[in-house]
Amino acid sequence: QVQLVESGGGLVQAGGSLRLSCAASGRTFSSAAMGWFRQAPGKEREFVSAISRSGGSRYYADSVKGRFTISRDNAKNTVYLQMNSLKPEDTAVYYCAADRDRSYVDNQSQMQSNYDYWGQGTQVTVSS
């Protein structure tokens, strides 16, 4: 069992930065690939980024590539999402998720059905 708690969301102006954190409890974290997803008002939840168990492989949605960076610290059971050059269209609730069955990432990491555990989400609002 893994429990995930996101933090770090808030209100920021366009062009600004935020760093989201996702703290995990449970032994599965260090063996699981981790992902970030987001859901904007009135829209479906979408994939943002994923990172392999070791942190050596990362995968990004085209919409955030070059602006967002995912990382993890297995000693702290925490995964991060550094978000730079934020745009109003980045406004959403951001969720982290754990894929206990896969330690690597690839294009299948975009599929929400691959993830077994989800956090409650943290709101990010980018003003223009």
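## Chain surface, fold and Arg-67

The chain exposes about 6,300 Å², and carbon and sulfur atoms supply 42% of this area. Accessible areas come from the Shrake-Rupley method with a 1.4 Å probe; for residues, only the protein chains shown count as cover. This is a predicted model, in which local features need pLDDT of at least 70, side-chain atom pairs count only at pLDDT 80 or more, and totals for chains, interfaces and linings use all residues. Residues are numbered from 1 along each chain as its sequence is written, and side-chain values use heavy atoms, with hydrogens and water left out.

The chain has zero helices and 11 strands. Helices (H or I, at least four residues) and strands (E, at least two) are DSSP runs, numbered from the N terminus.

Whole-chain values follow.

| Property | Value |
|---|---|
| Radius of gyration, chain | 13 Å |
| C-alpha box along the principal axes | roughly 40 × 25 × 25 Å |
| Distance between mean positions of the 14 positive and 11 negative charges | 5 Å |

A compact globule of 128 residues would have a radius of gyration near 14 Å, which agrees with the chain. The radius is taken over C-alpha atoms, and the globule rule is 2.2 Å times the number of residues to the power 0.38. For the charges, Lys and Arg count as positive and Asp and Glu as negative; His and the chain ends are not counted. Each charge is placed at NZ of Lys, CZ of Arg, CG of Asp or CD of Glu.

Of the 128 residues, 46% count as buried. Buried means under 20% relative accessible area, exposed over 50%, partly exposed in between (1.4 Å probe, protein chains only).

Arg-67 sits in the loop between strand E6 (58–60) and strand E7 (68–73). Arg-67 is buried, at 11% relative accessible area. Leaving aside neighbours within four places in sequence, Arg-67 is in contact (heavy atoms within 4.5 Å) with residues including Gln-82, Met-83 and Asp-90.
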